[in-house]
Amino acid sequence: MEIITKNKLAIKGGKPIRTKLFNAYNTIGEEEKQAVMKVLDSGNLSQFLGAWHKDFYGGQMVQAFEKQWAETFGVKYAITVNSNTSGLFAAIGACGIQPGDEVIVSPYTMTASALAPLVYGAVPVFADIDEENFGLCPKSIEARISPRTKAILVVHIFGNPAKMDEIMTIAKKYNLKVIEDCAQSPMATYKNQYVGTIGDIGVFSLNYHKHIHTGEGGVITTNNDQLAEKLYLIRNHGENVVEPKGVTDLVNTWGFNFRMTEIQAAIGIEQLKKLPKLLEERLKNAQFFNEKLSQIPGIVPAKVEPHSKHVYYVQPFKFKKEIVGIDRNTFINAVKAEIPSAVLREDTPLIGVGYVKPLYLQPLYQQRASLCSFNCPRYKGKVDYSKGICPNAEKMHFEELFTHEYMRGNMSEQDLQDVVDAFYKVAENIDELR
């Protein structure tokens with residue numbers, strides 16, 4: 001009787017494996033505090049001018065952070081912005097995307113990645129994802145190309161590099177620009193090259209729940225002089241700069257205020273120094289979970305190509321219902337009941353099923369709720385957003401994929417073991433869930 005009580009699943013009223021919250025993932029320390037104080041003491045919190053002037057490129061901290069990022073990633077230009085989202089918008093604009101054009105995007109990513117083409121009046125066309133690494137499937141990309149296609153927006157989802165050789169070959173064949181969304185993949189590598197430096201433009205996130213952060217913020221990378229000039233103009237009121245600067249190509253040179261502050265840049269300088277160590281701990285924890293959880297029949301770690309380095313923004317697994325004998329949601333809900341979340345994430349679980357509903361199923365796409373893009377007189381195509389167009393994405397989201405964040409840094413050996421124990425407890429007492 002005691003054994004039954006001990007093993008009774010928490011979701012069925014038993015005692016959970018753990019109730020104490022896990023430690024916060026907080027990368028901010030004394031270094032960032034001192035850097036911020038220096039900026040505050042200077043009284044100069046931003047030094048941008050939206051005009052053709054030496055301050056068009058921002059202040060001392062912004063330019064120092066950009067220099068450090070460019071040197072770290074081995075690119076000619078690193079251009080800070082106030083978010084990954086604005087970075088994606090700027091990248092689409094810099095590539096000359098206009099109404100009537102199409103951009104191939106992933107359906108299984110944060111909504112901004114697919115939204116970016118709409119900002120310039122273009123139409124996002126969803127290609128399916130690869131079943132193994134969840135990035136865009138090259139075969140599906142090529143099947144979606146039309147005479148209107150101008151770019152491919154690749155997402156290195158969860159921190160796992162997409163199949164860049166095949167994607168770049170397709171881009172070259174059809175003369176397409178490639179934008180890499182690296183929001184979840186700083187310092188991930190593909191064949192020893194950092195993602196974000198393989199395509200024409202890379203975009204990184206510094207949002208507060210990323211590997212490193214500045215609260216909000218982002219960085220755009222490119223080796224192309226012309227694209228860099230467009231990116232600078234779009235970041236900072238380009239329409240007011242083109243005439244005095246002597247810019248003659250006016251396509252998409254009207255600008256926004258996408259500027260990063262001096263405080264954010266000062267924090268970013270310190271955070272970038274910490275990134276390699278933070279990744280080392282995260283990869284070690286992820287490897288532990290891969291080894292332990294893959295011993296449970298029906299739980300399959302995501303595939304990482306031998307030439308790729310996955311940096312685990314979240315850690316994805318596939319769940320095989322036909323092997324486990326119950327559905328994914330029931331199993332993961334039982335695991336969730338066994339272990340808590342973390343400090344600073346009290347109301348948000350660190351484990352969940354699926355990622356985002358395939359984006360083409362959102363009301364925006366189902367209702368074509370944009371006058372210019374889908375309904376633009378310059379658009380001569382007919383885009384399909386019906387359910388079933390991306391079967392891999394739908395299968396992963398509704399049936400197989402689950403992700404967790406317990407591989408983050410600041411986890412003790414006991415913390416990691418508690419997570420493993422939760423999975424094993426559910427697996428060993430699965431009859432309670434049938």
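Predicted model: local features only at pLDDT ≥ 70, side-chain atom pairs only at ≥ 80, totals over all residues.
Residues are numbered from 1 along each chain as its sequence is written, and side-chain values use heavy atoms, with hydrogens and water left out.

Let's begin with a sheet. Helices (H or I, at least four residues) and strands (E, at least two) are DSSP runs, numbered from the N terminus. Three strands make up an open sheet here, in the order E7-E6-E11, and the pairing is antiparallel. Two strands pair if DSSP finds at least two bridges between them. At the edges sit E7 (193–194) and E11 (308–309), each pairing on one side only. Strand E6 (residues 189–190) is joined to E7 by two bridges.

Next, find Thr253, in the loop between helix H9 (242–245) and helix H10 (262–293). Is Thr253 buried or exposed? Thr253 is buried, because its relative accessible area is 4%, and buried means under 20%, exposed over 50%, and partly exposed in between (1.4 Å probe, protein chains only). Leaving out residues up to four places away in sequence, Thr253 touches Lys230, Leu233, Gly238, Glu239 and Val242; a contact like this means heavy atoms within 4.5 Å. A polar atom of the Thr253 side chain also lies 2.9 Å from the backbone oxygen of Leu250. As for Asn236, that residue is 17 residues from Thr253 in sequence, and the two C-alpha atoms are 9.8 Å apart in space.

Now for the surface. Met37, Leu40 and Leu45 make a nonpolar patch of about 260 Å². Patches are made of residues with over 30% relative accessible area and no salt bridge, with like charges joined within 9 Å and nonpolar side chains (Val, Leu, Ile, Met, Phe, Trp, Tyr) within 5 Å. The areas themselves come from the Shrake-Rupley method with a 1.4 Å probe, and for residues only the protein chains shown count as cover. Met37 belongs to helix H2 (residues 30–42) and is partly exposed, because its relative accessibility is 44%.

Finally, the charged pairs. A salt bridge is a side-chain nitrogen of Lys or Arg within 4 Å of a carboxyl oxygen of Asp or Glu. How many salt bridges does that rule give? The count comes to 23. One of them brings together the side chains of Glu102 and Arg148, at 3.1 Å from N to O. This pair links distant parts of the chain, 46 residues apart: Glu102 is in strand E2 (residues 102–105), and Arg148 is in the loop between helix H6 (138–144) and strand E4 (149–155). Glu102 is buried at 4%, while Arg148 is partly exposed at 24%.

Another salt bridge joins Lys320 and Glu400, with the closest N and O atoms 3.2 Å apart. Lys320 sits in the loop between strand E12 (315–319) and helix H11 (321–324), and Glu400 in helix H14 (residues 391–400), so the pair ties together parts that are 80 residues apart in sequence. Lys320 is buried at 18%, and Glu400 is buried at 9%.

Glu394 and Lys387 also meet through their side chains, at 3.4 Å from N to O. Here Glu394 is buried at 11%, whereas Lys387 is exposed at 56%. Elsewhere, salt bridges that share partners join Arg18, Asp415 and Asp418 into one network.

Key: Polar contact = N/O pair within 3.5 Å; in protein donor to acceptor, adjacent residues only side chain to side chain.
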